[in-house]
Amino acid sequence: MRPILLSGHERALTQVKYNSDGDIIFSVSKDHVVCAWFSHNGERLGTYHGHQGALWTVDVDPTSTLLATGGADNTMRLWEVKTGKLLKTWDFATSIKRVEFSPDGRQLLGVTEKRSGHLSTIVIYEIEPDVDAEQTNEQSLRIVCDESKATVAGFSYLSKFIIAGHEDGTVSQYDAKTGELLLNITVHEDDMQVTDLQWSPDRTYFITASKDKTAKLISTNDLEVLKSYSTDTPLNSAAITPVKDYVILGGGQAAMDVTTTSARQGKFEARFYHKIFMEEIGRVRGHFGPLNYVAVHPKGTGYCSGGEDGYVRVHHFDKPYFDFMYEVEREQANL
Amino acid sequence: MSRVAGRTDWAEEEDEDSIQLPQQQIIKNKDGTETIITWSIREDGKKVKTTRRIKKTVVKQVVNPRVAERKQWAKFGNEKGKPAGPQTDTTSIAENIAFRPMANWKASAEDKSEAEKKKTAMKDAKIKCRICSGDHWTTKCPFKDTMAPEGEPSAAEMDNEAQEQPGALGQGGSSYVPPHLRRGGAGAGEKMGGKYERDDLATLRVTNVSEFAEEQDLRDMFSRFGHVTRVFLAKDRETGRAKGFAFVSYADRSDAAKACEKMDGYGFGHLILRVEFAKKST
């Protein structure tokens with residue numbers, strides 16, 4: 001496969017996301033700009049200007065009309081996808097580490113950073129999925145994480161739960177209506193930050209990546225660890241691929257250590273593991289910095305990765321990817 | 001390229017040059033293809049004409065109407081007003097990556113790295129064959145049966161064994177006894193690596209080979225006369241260049257004889273090859 005190299009950002013990428021049809025990729029980086037790209041040829045559709053600080057996160061609603069971003073300028077913003085127009089700005093006391101729309105696109109979740117005097121919170125806004133509508137200033141729910149700050153969070157299936165990953169390696173389950181903490185389970189090693197949380201297509205399970213060099217597949221209902229994938233490098237991101245039962249893990253040593261190690265030792269590769277057998281099946285190299293985020297095409301035809309090196313690499317899978325099967329899988333398929 | 005005097009702005013200078021170039025020409029051919037002729041100026045100032053012949057094929061694809069609609073969206077932000085299609089400043093195609101998932105990937109990858117390690121370890125060691133000066137042990141030399149070592153055919157460092165036969169020592173001042181004279185001179189000494197006994201009758205020695213020659217070049221040239229079983233081109237370890245001589249073995253002696261006759265005096269590169277039958281080492 002020939003990756004498409006997107007070089008529209010001047011600084012490290014922080015998150016990349018496909019929209020629900022997989023035709024557009026949104027990327028945010030520390031250079032304050034959001035970019036939208038067509039995934040099939042890498043053409044840039046446009047840029048969204050307005051943020052005053054590094055951007056940490058981006059998400060698009062299921063209809064690809066609204067885009068939410070959050071960053072270090074302590075704002076969460078809502079944009080019109082089509083024109084790049086800024087629709088709404090919510091101000092906070094601290095920076096926004098993660099935004100995510102609910103599966104129906106009517107709620108927007110934001111995770112705020114912990115800083116002196118401010119605890120980390122998960123806030124939820126009701127969203128009018130209309131470009132012209134006035135968006136509310138009122139938070140419909142506010143969850144304060146007093147134990148350990150939340151780093152990632154998302155809505156489960158039917159917006160029933162909110163699942164959050166924390167700095168201390170735990171994952172917690174909140175009721176999405178009341179905000180009550182239902183479960184809190186240590187899945188990763190103590191004090192090893194959960195760096196990413198991505199959902200399976202039906203949101204009944206999810207994958208978390210952590211600095212403890214592992215990724216875990218966890219069920220939404222009881223937070224049971226279903227599978228564990230261990231690597232030799234701190235992980236920044238993990239994604240589940242539809243169609244084929246794989247997971248893609250991205251990482252590499254911390255940005256501050258990058259200049260002292262060569263690309264060969266840096267482990268700046270996307271690692272493919274078999275979801276069920278938990279065995280590594282291959283790697284894709286290319287970045288010359290750690291991978292900060294990997295996102296999979298919702299139809300499972302490709303993936304893209306954003307790296308500390310400032311590039312987004314868009315990959316379209318070719319035949320060997322789809323043909324690969326374990327012996328047992330092949331037997332099963334032939335029955 | 002004429003440099004406009006008094007102008008320092010290189011960007012404008014470039015513009016002036018491109019104006020002088022002929023317009024791009026597109027010719028529609030009868031068979032449905034198009035010929036595009038473009039002109040450009042290379043870095044060294046030479047005008048270059050590029051002719052490309054392209055064939056356009058329309059591939060129809062059914063896509064989601066939402067996706068199709070989004071493709072028509074006007075560009076905005078930094079991309080505002082830019083033409084359709086990927087822009088070269090933001091989008092490029094990276095080199096091809098072969099991605100082939102496989103079971104037990106880790107084990108196979110580790111094997112590979114181990115083999116690599118061994119290779120580099122070998123590289124670092126100073127090994128030099130006394131026969132052909134290649135980077136292998138003399139005993140592993142493919143020509144140890146056909147060639148005598150370079151220079152003096154002695155094994156000065158191999159005298160450990162000699163001390164075991166005190167009776168043979170001390171004759172005429174030198175303590176060294178060649179292996180074939182040991183044990184009362186009986187036996188001509190064992191041959192090392194006997195299983196590599198080669199038919200040296202069909203091996204040619206090629207000298208005066210160009211230092212830019214490759215083994216494959218020689219193989220191509222010599223396989224015209226018969227089945228070549230082996231080509232060895234002596235190379236310098238540091239520079240990787242040929243040292244000027246090579247050995248070519250044939251499966252059949254008559255082929256070798258033919259090749260010897262034909263290739264002796266053949267011009268290869270800028271030199272004239274000298275081909276002869278390799279002499280058997282004594």
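Colleague: Among contacts in chain A between residues at least 6 apart in sequence, what percentage joins residues at least 24 apart?
Modeller: This is a predicted model, in which local features need pLDDT of at least 70, side-chain atom pairs count only at pLDDT 80 or more, and totals for chains, interfaces and linings use all residues. Residues are numbered from 1 along each chain as its sequence is written, chains are lettered from A and ligands numbered from 1 in the order in which they are written, and side-chain values use heavy atoms, with hydrogens and water left out. Taking a contact as heavy atoms within 4.5 Å, the share for chain A is 45%.

Colleague: How much of chain A is buried?
Modeller: Buried means under 20% relative accessible area, exposed over 50% and partly exposed in between (1.4 Å probe, protein chains only). Of the 335 residues in chain A, the buried share is 62%.

Colleague: Is A:Arg203 buried or exposed?
Modeller: A:Arg203 lies in the loop between β18 (194-199) and β19 (205-210) of chain A. Its phi is positive, near 60 degrees, while most residues other than glycine have a negative phi. The relative accessible area of A:Arg203 is 19%, so this residue counts as buried.

Colleague: In which accessibility class does A:Met278 fall?
Modeller: A:Met278 also has a positive phi, about 60 degrees, without being a glycine. The residue sits in the loop between β24 (270-274) and β25 (280-284) of chain A. Its relative accessibility is 35%, so A:Met278 is partly exposed.

Colleague: How far apart in sequence are the parts that the pair of A:Phe272 and A:Phe317 ties together?
Modeller: Rings of Phe, Tyr and Trp (its six-membered ring) pair if their centres lie within 6.5 Å; planes under 30 degrees apart count as stacked, over 60 as edge-to-face and the rest as tilted. There are 23 aromatic pairs over all chains, and in this one the centres are 6.0 Å apart with planes at 80 degrees, so it is edge-to-face. A:Phe272 belongs to strand β24 of chain A, whereas A:Phe317 is in the loop between β28 (312-316) and α2 (319-323), so the separation is 45 residues.

Colleague: Is the pair of A:Phe317 and A:Tyr321 stacked or edge-to-face?
Modeller: A:Phe317 is buried at 8% relative accessibility. The ring centres of A:Phe317 and A:Tyr321 lie 3.6 Å apart and their planes are at 5 degrees, so the pair is stacked.

Colleague: Which residue of chain B do ring pairs link into a cluster with A:Phe317 and A:Tyr321?
Modeller: The cluster takes in several residues of chain A, including A:Tyr246, A:Phe272 and A:Tyr326. From chain B, the ring pairs bring in B:Phe99.

Terms used: Helices (H or I, at least four residues) and strands (E, at least two) are DSSP runs, numbered from the N terminus.
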